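Please keep the sequence and the structure in view while reading.

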Amino acid sequence: MAKTFHLQIIASDRVFYDGDCQHLVVTALDGQLGILGGHEALVTSLPTGELKYLVDGKWHYAATSEGFMEVMPEFAVILVDTCELPEEIDIKRAQEAKRRAEEKLRQQQSIKEYYHTQTALNKAMNRLKISQKHFK
C-alpha cells in the first residue's frame, strides 16, 4: 500500500477534508504540483484552480479559490477561501457570475477594480470547468 500522509483542506466556511491521503495534486502558480507521503517541506501560495486527492484508491476533485499550502513529510494543510466538490457547484450561479465579470471588464475601472473583476471571472470559470469536467 502507498505511504499515506495527513491532509487537511480548510475553507473559510468549513473543514472540507481532514484525513489520510495517498496522493495530492494541486494547481500551483507554475503548473501542477504532486504531493506524496514523505514530501520535502514546502510552503506556497495557490491560485484559483483544481485539486484532486487520492483516498483509499479513489480520486476526489474540488474547485478552489486562491490560498496557501504547507507541506511537511507527514502532513499537508491547504487554506483557501472556498473549496467545492463538483456536485456542489451551482452552475447557473457560476454562469451568471462569469457574465457579470465579463461585462464589468468591458467597462472602465481602476486597476484595483480590474484585478478584483479578473479574480471573480477566474473563479467563475474555474467553477464551471470543474463542474463540467467531473460532475456527470
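## Cysteines

To how many disulfides does the count come? In this predicted model, the count comes to zero disulfides, given a cut-off that asks for two cysteine sulfur atoms within 2.5 Å. Cysteine 21 takes part in no disulfide, and the nearest cysteine sulfur, which belongs to cysteine 83, is 13 Å away; cysteine 83 is likewise in no disulfide, with the sulfur of cysteine 21 as its nearest at 13 Å.

Cysteine 21 has 0% relative accessibility and therefore counts as buried, and cysteine 83, at 3% relative accessibility, counts as buried too, the cut-off for buried being under 20%.

## Sheet

Five strands form an open sheet in the order β4-β3-β6-β7-β10, and their pairing is antiparallel. Because β4 (31-36) and β10 (83-84) each have a single partner strand, they stand at the edges, and one side of each is left without a neighbour in the sheet.

Within this sheet, strand β3 (residues 23-28) runs antiparallel to strand β6 (residues 49-55), and four bridges join the two. Leucine 24 has tyrosine 53 in β6 as its bridge partner.

## Largest pocket

The largest pocket holds about 300 Å³ of space. It is lined by 15 residues, of which Ala97, Arg100, Ala120, Lys123 and Ala124 are the closest to its centre.

Both α1 (91-105) and α2 (111-134) supply at least two residues of this lining, and α2 gives the most, with seven residues. By residue class, the lining of the largest pocket divides into seven charged, five nonpolar and three polar residues.

Methods
Residues are numbered from 1 along each chain as its sequence is written. This is a predicted model: local features need pLDDT of at least 70, side-chain atom pairs count only at pLDDT 80 or more; totals for chains, interfaces and linings use all residues. Side-chain values use heavy atoms; hydrogens and water are left out. Two strands pair if DSSP finds at least two bridges between them. Buried means under 20% relative accessible area, exposed over 50%, partly exposed in between (1.4 Å probe, protein chains only). On a 1 Å grid over the protein atoms alone, a cavity is a set of points where a 1.4 Å probe fits but cannot get out, and a pocket is an open set with protein on both sides within 12 Å along at least five of seven lines; lining residues have an atom within 4 Å of a point. Grid points are joined across faces, edges and corners, and a volume is the space filled by probe spheres set on the points. Ala, Val, Leu, Ile, Met, Phe, Trp, Tyr, Cys and Pro count as nonpolar, Asp, Glu, Lys and Arg as charged, and the others, Gly among them, as polar.
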